Amino acid sequence: MYNCMMEGKPIVTCHGDQELFSQLHTRVVQGLPKEPTEWKSRSYGRPPRTLTLEASFVPYDADILTEEDEPVLVSRPYFHIFWTACDLESYKQTVKDELAEWQAVLKNKNIPDWLIVVVVKDESKVKTKLLPRASVLDKVKSDFCGKNSDRCIVLTEPLKTEQKSVESWNNFFVRLRNLLLTAYSRQMTRFENNMRTLREKRNEKGWNYHEYFIVQEELAFMLEMLGVWEDALVQYDELDAMFAQFVENHAAGALCKWLYPLIGPCTNWAGLSLAKQINYDMRDLVKHNKASLLEFRDYLFSRQCALLFELRRPWEAAKRALNYLHSTIQEMMLLEVEVPEGALACWVFLSCLEVLNISEKHSDKLQIDKYSLYTASLWDHARKKLKELGNVCGLTPGDEPTSQQLSRRVDLASGMLSKEQDTDPGKKLRPVDRLRQALSSNNSFKKHYLEICELAMGTYKHIGRFRSSRIIGRDLADFYIKMNELQKAETFLQDTIKMYQQEGWQNLADGTMLELAQCQKNMQQPQKYLKTACQISCSHNLKTEERKTYFHQVMELLSKQDDKAIYSLKSSGIFTMEEAVIVTPSVSLSEDFVVDLKVTNHFPQTITCNKVSISVIKCKPDQPPNPSLFTQKKICHIRTPSLTNGKYEHLANFQPIKKQLPAELEFVATIEKKEDKITGVGVTCVNDHELLKRLDSNPQDVDSDETTERGDYSMGLLATNITLAPGENTIQLIMKCEEESVFHLRQLCVQLKQMYFLKSLTSCGLYFRVVCHPPAIHLNPVNSEMFLMGIEQEAVLEVNTGSLSLSPGDQFELFPTSGVDLTVIGDLVQNVAVGPNKLVKISVTVFCEENSESDQNIEKQILCHVTAWNKTLETTVTFVHPFEISHKLHTSKERKYIQLTVQGSTVSEFKLSRPELCALTADVDVYLMNNPTQQLTVSNVQAANYVWQVKCNTAHVSAVEMGLTVDHTCVLDMAGLTRRHAYSFSIHNFQTRYLLTYDVLSVEDKRTCKVGKMCSLEVKVKSTELAPQDERLVYKVSTGQQAWAVSGKSTEVFKLTDGCYKNNIDVLPLRAGFIHLPRVFIYKYSKMEANASAEKQADEKPKMKTDQSEINFEEFDTGEVYDDSGSKQVHVKPEQCSNDVEISVVS
């Protein structure tokens, strides 16, 4: 079986013409694996596999034939071929008997897998006139094949390369592959059935796992021989799981006798060996139940690794290795196997290195990432076991080995012997040699331990697991401290503190900081020790006694240092700025800018700071901040609240951990083809995202919290000699503003003797603005909300000093514009000093003349010259007209009336008296209808109305110019005078030309109108003596409110006859009740002009469409038409009385 496994091919016997087969052997061996074949008919529902079949063709020998039910797979001949190239006579004489004897032997062994190959010549080339007779192929089929005609196949002139020969070869290989797969399936199905039957008996007494192991491994060997490595690996995984379950059950009390040989005292811990694909010596031990637990586990895992290497998955071998080591150690503990101290550590170390070496050998560059992902843990595990051996054998730095430890070294070395390792001539240092060297002396141990630590850390960094790398660095720090190499230990301790701090493990970080401080103290580096001691004394995770001890050491060390020695530290962890309050974000020149700080002191005792300051910088003009920042009180909470995603302040005074760049570039070549021609080639970097980063979109902030460089404090806020108690403190910082600009709070500095604790404020967005307010003047009325024309009012002139100031004796000069009188009440000389942003009030009286030509408001300029500033200030004052007057013409047939309404512009009341209206022509007389002696009051909420009757002295008056004058007084008028107000207006075409009347009557009885019954709208138009002769007019009927419907024309052109016009129009009432009559309007008729200008004028006039044509018309002026029926109503009754009557009431 071992020879078959070495060759790795199933056996096929060949019988018959051996000379013929010798000629065809090479062709058969090479042609069989040329094309893959799908293996479908598999047992237990396994998925199909694609196989490349190979076979070992050997001469037929009856002695090598096995029984059909014999439990072997690898060494079994699976298929049997009989070769012949005889003619018919030879067949009858000898070949037939040989075939019969061959087939009888196979049938006696119950072997159904055979094939007869008949080699013939191409008969199509033979010219004969004889009648065809039976061929050798026909005879063979009839004599031996019977119903199995597929068991005989013909090869036509196989040594030639003609088409027919090639076709016969193809048919032969297809037939042979199918028959081989059928034979494999049949044998393996029977074998698996027997194997499963054996496995089901595992709980019976006398069952032996090792016997079953050999049986299932036989199946795995067969699957491996066929190239189905995945399925072969499954067999070993099942064996592994079964063994683990037996061990667990045995430890729980279900004892297994076959386990007793495995749990004897362990005498060999040579470790895993993966040099050979199959360790036959180890397999014999397993087969005869003579292997120890470690040896059995080593053999089982070596077979799993061998199959993984065949599957080109060496990274998975490394992945499984760690679980294999842990589970084996656990089984050793469960079975209570007696093992010397340190022996298991040796076994684990050797096994780790063996897996690492072989995995590296089988890995390629494309799998380096997957490989490194699992080998990193193996390197780390090997490091831990080597460290454990160093402690057991007294090899750690500073330890002197005892005689017992020296004896233990010899015992451990004696248990690492193995025949395979002793004969392995490998060029690379073997794991056992490496471990022996490490155990030989302290220096050698140190060398190998540091080397493995470096490999483990490098592999962790390669896969991005920096935390695991720094955990190893933590152990290395202790190792270097024992070696008294404190500089290297300090570096690893700092990295460990950064890691703990970034992950939020404050207790671990502060505990490690104690070791760092001791290390720096032994190195005699006061500057580094000072910074670390400050962090320790401010840590709330340490004991108060420890914090106070380091605090006193800090104070003592500062007192001994030179005053010129400056130490800059970040304030985070020592001083925490909880809140910054800017009460006035916008201040004037020469004012004080104040910031209130809430600072938490983390020192365990009260301290007195030399000064607390904040540096201030000017903002660039091209980058102004948001203007809303200067409009209200600014409170900035610096500390990030819990349960938020804010930026976490990392450990102070240490550089942050940065991801290491990959050690190499990974490129992939790309080739573009078109019509089998190369059109382009390129190289793409696979890991460019790890190497390249846009710096322009993420600029480095030089003012970030990571810097400890003190900024420029030549301009800034300052507070001196500040006492800070432990906990929260409030500090007020003040700055004198001497320059106009926008400033940004940049950095906080707390000075404690020679130490500067710095905190960047750039990200807090704290801005303030220093402005220079120019002086301004404003003129405001005293007793009113506005200035009115025509009266003298009291006012106050307010001078806002802005950012300037006034001294006693400074004078003001006022210069009003034309039309405005300004009188000062008092003195224009300043008597007292006035500071910035103050008001100086001057009492004055103001009078502005009325504008008789317009009733619009007017604006006037007031100038004030201040001698001390040498500036002339200007303000604009709006004067409002005191009254709003409107007029309206009223008509009663031919009588005319003028109504004038006077409305006030202010809440203050005006008294009106003596109204007079005069016409500027003698053709018209006016008569006042009001009481001439009555005094009326007007304001913005109260109006006065005057009515005059207008009588014309001549027949035709086209236009009349009129003027109104009225006296008025007001309490706002400082002079107390009665003033006269004038208002002028004109009226045009106001005389009555036409009288319009209309009414609605029922058509039936001339009295009652009913809903739905046609009625008649009677329209009458009469002219006065002022109406022109033969003027054409247009009437229009407007129903409105959907109360009426007009039947026929609603618009018509007409002409008066003898000064009168009458017409009836059919209308239909749509609802019942008292309803307004349909409105009737009359207009002037305008003819259509032919030229363009006339068309344009016509477009501007109102038009209406009728059924025949379009009528142009224009309206009369106000008063020319008197509508006598405009407000008249008619009673419309419903047609029938019912329970529901709809009635419309129009008011």
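Strands here are DSSP runs of E with at least two residues, helices are runs of H or I with at least four, and both are numbered from the N terminus. What you're looking at is a predicted model, where local features need pLDDT of at least 70, side-chain atom pairs count only at pLDDT 80 or more, and totals for chains, interfaces and linings use all residues. Residues are numbered from 1 along each chain as its sequence is written, and side-chain values use heavy atoms, leaving out hydrogens and water.

Now back to the strands. β23 (residues 792-800) and β26 (residues 839-848) run antiparallel and are joined by nine bridges; two strands pair if DSSP finds at least two bridges between them. Next to that opening pair, E794 has T845 of β26 as its bridge partner. T845 also has T823 standing opposite, and β25 and β26 pair in the antiparallel sense over six bridges.

Zoom out and you'll see an open sheet of four antiparallel strands, in the order β21-β23-β26-β25. Its edge strands, β21 (776-781) and β25 (820-825), each pair on one side only. How enclosed is β26? Seven of its ten residues are buried, so β26 is largely enclosed by the rest of the structure. (Buried means under 20% relative accessible area, exposed over 50%, and partly exposed in between, using a 1.4 Å probe and protein chains only.)

I678 counts as exposed because its relative accessibility is 57%.

The structure holds 42 aromatic pairs. Rings of Phe, Tyr and Trp (its six-membered ring) pair if their centres lie within 6.5 Å; planes under 30 degrees apart count as stacked, over 60 as edge-to-face and the rest as tilted. Take W102 and W114: their ring centres are 6.1 Å apart and their planes sit at 85°, so this pair is edge-to-face. W102 lies in helix α3 (residues 88-108) and W114 in strand β6 (residues 114-120), so the pair ties together parts twelve residues apart in sequence. Both W102 and W114 are buried.

Y209 and F246 make another edge-to-face pair, at 6.3 Å centre to centre with 65° between the planes. This one links distant parts of the chain, 37 residues apart: Y209 is in helix α6 (residues 209-225) and F246 in helix α7 (residues 229-252). Y209 and F246 are both buried too. They belong to a cluster linked by ring pairs, whose members include W207, Y212 and W258.
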